[in-house]
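Here is a short report on one protein chain. Look at the strands before you read on.

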Amino acid sequence: GIPRKIITIGTDAKKNLYVAADNDVYFYREGNFTPLQLHRRFPALKNAPITEMKFVNNRLWLILNAAEILLLDYEEDHLKGYIPFTKLFTGPGYLEEPRIIHQSDSNTVWMGSRSEGLLKVNLPAHSFEHSRSGSSENNLKSQFVLSFYTSRRHTTWIGLSGGGVAEYDPH
C-alpha cells in the first residue's frame, strides 16, 4: 500500500513514479507501491530517515537524517549500490543540515540547507561550491534555503527564509 508519511514524490528519466517516506522509497507500478527496502538491502542506511529524494541523471540522490547525502545507482525498482556524496564530489567546506535538492540543467545540481546556505554542484567536474549569506561572491541574504526554481532562460532563483529571493544567472 501507499506509505502514510510522504516526504516527496519524483520521477526517474523513464517517468516511473517514486515516493519517499521517512523510512524507505516506494516504486509505483500498475496501481501498487512497492518498497525498495533500502534498509534491508543496505544496512548502513538503518535508522537514517529520508528527508529529501531527487533523481539526477541516472542516480537517485537521497538526503538522510538531514545530514548525509547518498547517491544510489538503480534500474527501475532494482538498486545496485550507493556512494556517499563526499566520495564523488569535492569542494571547499560542506553543507550542514542539507534539506533540498534541485537540478537546474544536466550539469548543475543545487542543494539548500537550513543553516549553511547552499551548494552548487558541477556534475561533470565532480566538484561543488559552497555559498553562505554575507559572502562577497553571492547575493544570499539568509542561510535558510526554502526552495529553488530554474526558468526557461536558465536563471536559478533561490527562495530564502527571511531573505527574499536570490538570483543566479549563468549568462
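Two strands pair if DSSP finds at least two bridges between them. Strands are DSSP runs of E with at least two residues, numbered from the N terminus. Residues are numbered from 1 along each chain as its sequence is written. This is a predicted model: local features need pLDDT of at least 70, side-chain atom pairs count only at pLDDT 80 or more, and totals for chains, interfaces and linings use all residues, while side-chain values use heavy atoms, leaving out hydrogens and water.

**The sheet**

Strands β1 and β2 run antiparallel, joined by five bridges. Glycine 10 faces tyrosine 18 of β2. The open sheet has four strands in the order β1-β2-β3-β4, paired antiparallel. Its edge strands, β1 and β4, each pair on one side only.

**The cores**

A nonpolar core is a set of buried Ala, Val, Leu, Ile, Met, Phe, Trp, Tyr and Cys residues joined through side-chain atoms within 4.5 Å. Buried means under 20% relative accessible area, exposed over 50%, and partly exposed in between (1.4 Å probe, protein chains only).

| Core | Residues in core | Some members |
|---|---|---|
| Largest | 19 residues | including Tyr18, Val25, Leu38, Met53, Leu62 and Leu72 |
| Second, separate | 15 residues | including Val56, Trp61, Leu95 and Met111 |

**Isoleucine 6**

Which strand holds isoleucine 6? Isoleucine 6 lies in β1, residues 6-11. Isoleucine 6 is partly exposed, because its relative accessible area is 36%.
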